[in-house]
Amino acid sequence: MPARTGRRVDHNGHSLIEIEVRCGECGAPTGLVDGATIHPRRADLAHLRFYACGCGAYVGVHAGTLQPLGTPAGPATRAARTAVHRVFDPLWRDRADASRAVARRDAYRWLADRLGIRFEDCHIGMMDRPMAERARAACMRGQAARSMRRIDATPANVIG
Ligand SMILES: [Zn+2]
């Protein structure tokens with residue numbers, strides 16, 4: 001409730017006020033809309049907020065904030081990002097020796113290294129389609145290496 005507290009960010013550094021978000025597909029500025037605009041038939045999603053672009057791209061926000069989850073994306077990019085999550089998330093979710101936050105961070109470090117990009121820039125929600133497709137391939141190789149116990153191919157902390 002930024003109006004009451006005056007706070008502009010939460011304890012995670014996520015913005016509580018609307019920020020400028022550019023479309024990941026066309027570069028145009030986006031604006032805040034509610035769930036009914038994005039998902040007209042989903043009354044259960046009506047309370048959610050999205051940054052949406054005139055080209056049809058959109059992105060959701062971190063719960064309880066107005067911080068976008070990534071860059072607004074169209075259907076093909078969203079599908080490519082979802083496909084990465086399906087193979088990336090199992091790489092860190094099962095770790096018993098670390099908190100979820102640490103396990104996830106380690107896995108992102110590993111992925112950034114595989115993609116040759118900076119850790120700071122490695123977020124699935126910000127990937128365009130070609131990068132997402134590279135990330136999915138890297139994670140599938142990581143999964144295969146893990147199932148064969150070739151622990152040299154993925155860092156031990158990702159394997160758990
Ligand atoms: Zn756009």
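**Figure 1. The largest nonpolar core of this predicted model has 15 residues.** Val84, Phe88, Ala107, Leu111 and Ala135 have the most contacts inside this core. Two or more residues each come from α3 (75-93), α4 (100-115) and α5 (129-147). The largest share is that of α3, which gives 5 residues. A nonpolar core is a set of buried Ala, Val, Leu, Ile, Met, Phe, Trp, Tyr and Cys residues joined through C-beta atoms within 7 Å. A residue is buried if 20 or more other C-beta atoms lie within 10 Å of its own, with C-beta atoms placed from the backbone. Helices (H or I, at least four residues) and strands (E, at least two) are DSSP runs, numbered from the N terminus. This is a predicted model: local features need pLDDT of at least 70, side-chain atom pairs count only at pLDDT 80 or more, and totals for chains, interfaces and linings use all residues. Residues are numbered from 1 along each chain as its sequence is written.

**Figure 2. Valine 84 and its contacts.** Apart from neighbours within four places in sequence, Val84 is in contact (C-beta atoms, placed from the backbone, within 7 Å) with Ile124, Met127, Ala132, Ala135, Arg136 and Cys139. A second, separate core has 10 residues, including Phe50, Tyr51, Cys53 and Ala73.

**Figure 3. The crossing of α3 and α4 is right-handed.** Their axes, lines fitted to C-alpha atoms over the stretch in contact, come within 8 Å and cross at roughly 125 degrees. The two helices are therefore oblique to each other; angles under 35 degrees count as roughly parallel, over 145 as roughly antiparallel, 65 to 115 as roughly perpendicular and the rest as oblique. From α3, Phe88, Leu91 and Trp92 make the contact, and from α4, Ala103, Arg104, Asp106, Ala107 and Leu111. These residues divide into 6 nonpolar, no polar and 2 charged.

**Figure 4. α4 and α5 pack with their axes 10 Å apart.** The angle between these helices is about 115 degrees, which makes α4 roughly perpendicular to α5. Leu111, Arg114 and Leu115 of α4 meet Arg134, Ala135, Ala138 and Cys139 of α5. This contact has 5 nonpolar, no polar and 2 charged residues.

**Figure 5. The whole protein has 6 helices and 3 strands.** Along the sequence they follow the pattern α-β-α-β-β-α-α-α-α. Of the 160 residues, 22% are buried. Among contacts between residues at least 6 apart in sequence, 48% join residues at least 24 apart.

Definitions and conventions. A residue is buried if 20 or more other C-beta atoms lie within 10 Å of its own, exposed if 12 or fewer, and partly exposed in between; C-beta atoms are placed from the backbone. Two residues are in contact if their C-beta atoms, placed from the backbone, lie within 7 Å. Axes are lines fitted to C-alpha atoms, for helices over the stretch in contact, and angles run from 0 to 180 degrees between N-to-C directions. A crossing is left-handed if the near helix is turned anticlockwise from the far one by less than a right angle, and right-handed if clockwise. Ala, Val, Leu, Ile, Met, Phe, Trp, Tyr, Cys and Pro count as nonpolar, Asp, Glu, Lys and Arg as charged, and the others, Gly among them, as polar.
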